[in-house]
Amino acid sequence: MNKLFSSVKVHVSSQTISGLRSSRQLKLLRGRRLLMLVLIGLLVVPALDLSGLWTNGLSPVPTAQANSTYFNFSGGSLSLSIAPSNFALITSNDDWSVVNSVEGYFGQNLTATHGIDPQTVLTSEFATLPSPGNTQVSANKGNPSAFNAGGVAEFDTGTYLSLGLQGNVQANPYLVFYLNTTGRVNVTIDYTVQDIDGGSNSSVSPLALQYRVGETGNFTNVPAGYIADATDGGVAGRITTRHVVLPVAVNNKPKVQLRLITTNAADSGGSSTPDEWIGINSVSISAFVPTAANSSVSGRVTNANGRPIFGAALELLDQMGTTRTVITNPFGYFT
């Protein structure tokens, strides 16, 4: 908000002014007019939204910015890529505002020790995500081998263009993708993981894929997305790809969060060791409208001796995540 008042006007007609017969009356009217302005100001000021002051360069402390809108797939797939055509995608540290439906976080102290399998790290350092003001990214970096701050970084110059994740003694960094899968099924994610660190660091660099429905609670690990070690010590360039169809639990939900996470590396003795940068690029997330064709399910429930079981309850889960319960008849059949 650049102005505290867009306009506040009090009108007094010319007839009223011309009808005043003395300066005393004129002064009285002017006094009343001033009083009206003051009262209007008192009424308006408490209702003003001053939050805009902090996003127009007036805040003494810069804050992280993000774009955590839940992507609804109406326009196609959600894509994230650092390429020559959009190398300046992120322009300021900790600012994800121009990156649709994606945020990065430092992962402060998510693990109590080092060398933890990220598949087992299912919590977040914040009670809810998104967490305004807490996103993290080091913008406009070049050579990964010469930058060892840890966390999330954007490498937009040099040989390897990528978003990078690097653990350290405090950081277990991750990316979060925000999805609205309402009316959609078969949610699929593709991503490319590259060793972008050709420096002296040599560590095991695991990467896990996780999801949760809603904005609180633990994430659930997706084993198909796991990479046990994405890097080769001292040599950059290795590429690993993943194509994962997510569980039906994420179908037809207004708020789904996907997470790609790594953890701080450890040496053979269990102590912290310098991590390598893991590059993440060419991310594409798709979801599809279910087919309109009708289908039916039927069968029979019997015991170990082949006798029908009457009154057995069966739960049927469709591709939209809807559960239906059916009861077997006296002959054990259900439809």
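Modeller: Strands S3 and S4 run parallel and are joined by 2 bridges. Two strands count as paired if DSSP finds at least two bridges between them; strands themselves are DSSP runs of E with at least two residues, numbered from the N terminus. The model is predicted, so local features need pLDDT of at least 70 and side-chain atom pairs count only at pLDDT 80 or more, while totals for chains, interfaces and linings use all residues. Residues are numbered from 1 along each chain as its sequence is written, and side-chain values use heavy atoms, with hydrogens and water left out.

Lys-141 has Phe-155 as its bridge partner in S4. On the S5 side, Phe-155 has Ser-162 as its bridge partner. S4 and strand S5 (residues 162-166) run antiparallel, joined by 5 bridges. S4 and S5 form a hairpin with 6 residues between them, and Gly-158 in the turn has a positive phi of about 95°. S4 is mostly covered, with 5 of its 5 residues buried; buried means under 20% relative accessible area, exposed over 50%, and partly exposed in between (1.4 Å probe, protein chains only).

Now the rings. The structure holds 6 aromatic pairs. Rings of Phe, Tyr and Trp (its six-membered ring) pair if their centres lie within 6.5 Å; planes under 30 degrees apart count as stacked, over 60 as edge-to-face, and the rest as tilted. One of the pairs is Tyr-105 with Tyr-174, stacked at 5.6 Å centre to centre with 25° between the planes. Tyr-105 lies in strand S2 (residues 102-105) and Tyr-174 in strand S6 (residues 174-179), so this pair ties together parts that are 69 residues apart in sequence. Tyr-105 and Tyr-174 are both buried.

Phe-147 and Trp-277 are also stacked, because their ring centres are 5.9 Å apart and their planes stand at 15°. Phe-147 sits in the loop between strand S3 (138-141) and strand S4 (151-155), and Trp-277 in the loop between S11 and S12, so the pair ties together parts that are 130 residues apart in sequence. Both Phe-147 and Trp-277 are buried.

Tyr-105 and Tyr-174 also belong, with Phe-126, to one aromatic cluster. Arg-259 lies over the face of Tyr-174, at 4.7 Å from the ring centre, and over the face of Phe-219, at 4.1 Å from that ring centre. For this, NZ of Lys or CZ of Arg must be within 6 Å of the ring centre and within 35 degrees of the ring normal.

Key. Helices (H or I, at least four residues) and strands (E, at least two) are DSSP runs, numbered from the N terminus.
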